[in-house]
Amino acid sequence: MRTSVVIIGSGFAGLGMAIQLTESGRDDFVVLEKADSLGGTWRDNTYPGCACDVQSHLYSFSFAPNPDWTRMFARQDEIRGYLDGLADRYRLRNRIRFGVTVTGAEYDEATRGWTVHTASGDTLEARHVVWGTGALHEPSVPEIDGLERFAGTVFHSAHWDHRHDLHGRRVAVIGTGASAIQFVPPVAEQAAAVTLFQRTPPWILPKFDRPISSVERWVFRTFPAVQRAYRASIYARLEGRVLGFLNPKLMSGLEVLARAHIRRGIADPALRAAVTPDYTLGCKRILISNDYYPALARDNVSVVTDDVVRVTERGVVTADGVEHPVDTIIFGTGFKVADAFTTLAITGRGGVKLTDAWRGGQEAYLGTTVAGFPNLFLLVGPNTGLSHSSMVYMIESQVAYVLDCLRLIDRDGGRAIDTRPERQDAFNEELHEKLAGGVWQQGGCRSWYLDENGVNRTLWPGFTFDFRRQTRHADPTAHEILA
Ligand code: NAP
């Protein structure tokens, strides 16, 4: 099969790209999706309590506002419904090939195009490849001695086992990140006992969530300008937090709030101490929840801070030698972020593999293009992640950039666009200088934002409007057009 653009993934990134290609009159594309339905992370994560921690009026496409969000922070099924609705509205379903797992792609210098390989052995020829798989799709399950011998049920939060009834169970939860703090409260309501294994406590702020009334929804539907203004007000509020991330000292005010939140939710001084972080707020993702601390204070929930060292047939053993008897283990241990792109066999100019180009660490130009890999575009690529606002905003910026790259190729009558390595280097030098002073590096924690060398390869260190400004147009001087 031959096409102009292959898009990989049908989550927010892949769909956003597909929609904007259609809108710009470029109909020659196909979306490859490994699963049998669309939605990306919002299809995979179905754990109880799963919801977005960014307000839905901002966590949605600006070109497809939804006046009907029923809550400030929509739940998973509503967000998935939004994405499904987009696929129908923009007639994308027949563009998506489901059940196709991409294993790699190689650039051909002669044709200035890509051959995309799939797990079934098929290949596709495409001029451009847009990788829209993001970094949070491959669940990470730690290698714990004896796990294979466990006689009970084991699953990861991103592959929730809905057939496994938790009523009356003794459940171990490993991990206390963004996912776990959402599913621990509903699990604690069902299970007989929950033992929560915490390696590092997260900072948690109150969640200002509430239903959006039918009157408000009517106003948003009837007066789109009101909805746009509301979205802008959320955007501005979140953007203000950037200052704190770049100047860690400013985080102390929010830490006071977070400590008060712990005191409100938990009465026991020992438990309060156990869940109070010892690093600067913002170093890891700031979480929001109103029901997590009260859940930890329940009689049937215990928090264990000793390291997990082993699993036996009947339980989890910690470093102090105690065996905690459980019949279910749920991993809320996050995703293989560092491997997001590097497990794929992507080969660029001169037969250079992306893994080799990135031996010193993942780097791209504006998080989107990589020197030596013409016509390859990474959505949610290196250093485009956010810890303060909506990723959908970043995705829209990147999509606009990709479209402008395609325009630049057309304008110059070329077949491919590459990035000048010196511009990519200069871009990353400036970016990492900025990151070095930020809370992610200075805050005294270890997070998945940092690679094995302690370098932040995931986050955009600044205002998102700055990223938007830089991605508005593809700078011809930063690129080489190949005839
Ligand atoms: P995560 O934030 O990476 O949290 C993983 C948790 O597992 C951490 O508490 C970590 O402890 C712990 N852990 C990892 N390996 C462990 C081990 N070997 N032994 C003990 N504990 C271990 O993962 P996540 O909660 O799935 O969230 C991932 C990302 O998804 C988030 O940061 C966020 O970007 C996104 N997310 C977003 C939402 C949303 O509402 N928008 C919701 C869920 C997730 P350490 O802290 O010590 O490493």
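A pocket, on a 1 Å grid over the protein atoms alone, is an open set of points with protein on both sides within 12 Å along at least five of seven lines; a cavity is a set where a 1.4 Å probe fits but cannot get out. Lining residues have an atom within 4 Å of a point. Grid points are joined across faces, edges and corners, and a volume is the space filled by probe spheres set on the points.

Now the ground rules. This is a predicted model: local features need pLDDT of at least 70, side-chain atom pairs count only at pLDDT 80 or more, and totals for chains, interfaces and linings use all residues. Residues are numbered from 1 along each chain as its sequence is written, and side-chain values use heavy atoms, with hydrogens and water left out.

Domains first. There are domain 1 (2–138 + 336–482) and domain 2 (147–202 + 240–331), with bounds from an automatic or database domain assignment. Their C-alpha centres sit 31 Å apart. The contact (heavy atoms within 4.5 Å) takes 29 residues from domain 1 and 24 residues from domain 2.

Next, the second largest pocket. Its volume is about 500 Å³. It has 22 lining residues, and Gln55, Phe208, Leu238, Arg241 and Ile288 lie nearest its centre. Domain 1 and domain 2 each give at least three residues to this lining. Which helix gives the most to the lining of this pocket? Helix 6, with 4 residues. Helix 6 spans 224–239; helix 8 (252–265) also supplies at least two. Helices (H or I, at least four residues) and strands (E, at least two) are DSSP runs, numbered from the N terminus. By type, the lining of the second largest pocket splits into 13 nonpolar, 4 polar and 5 charged. Here Ala, Val, Leu, Ile, Met, Phe, Trp, Tyr, Cys and Pro count as nonpolar, Asp, Glu, Lys and Arg as charged, and the others, Gly among them, as polar.

On to the cavities. How many are there of 30 Å³ or more? The count is 2. The largest cavity holds about 40 Å³. Val242, Phe245, Ser387, His388, Trp440, Trp460, Pro461 and Gly462 line it. That lining has 5 nonpolar, 3 polar and no charged residues.

The second largest cavity has about 30 Å³ of space. Its lining is Asp53, Ala178, Ile181, Gln182, Leu287 and Ile288. Helix 4 (180–190) and strand 11 (287–288) are the elements that give two or more residues to it.

Now packing. A nonpolar core is a set of buried Ala, Val, Leu, Ile, Met, Phe, Trp, Tyr and Cys residues joined through side-chain atoms within 4.5 Å. Buried means under 20% relative accessible area, exposed over 50%, partly exposed in between (1.4 Å probe, protein chains only). The largest core has 107 residues, with Ile7, Phe12, Met17, Phe183 and Leu296 having the most contacts inside it. Helix 12 (residues 391–411) contributes its largest share, 13 residues. Both domain 1 and domain 2 give this core at least three residues. Leaving aside neighbours within four places in sequence, Met17 touches Ile7, Val130, Leu379, Val399, Val402 and Leu403. Another core lies apart, with 26 residues, including Tyr107, Leu124, Val129 and Phe341.

Last, helix 15 (residues 464–471). Thr464, Asp466, Phe467, Arg468 and Thr471 are buried there. The buried residues of helix 15 pack against helix 6, helix 12 and helix 13 (421–436).
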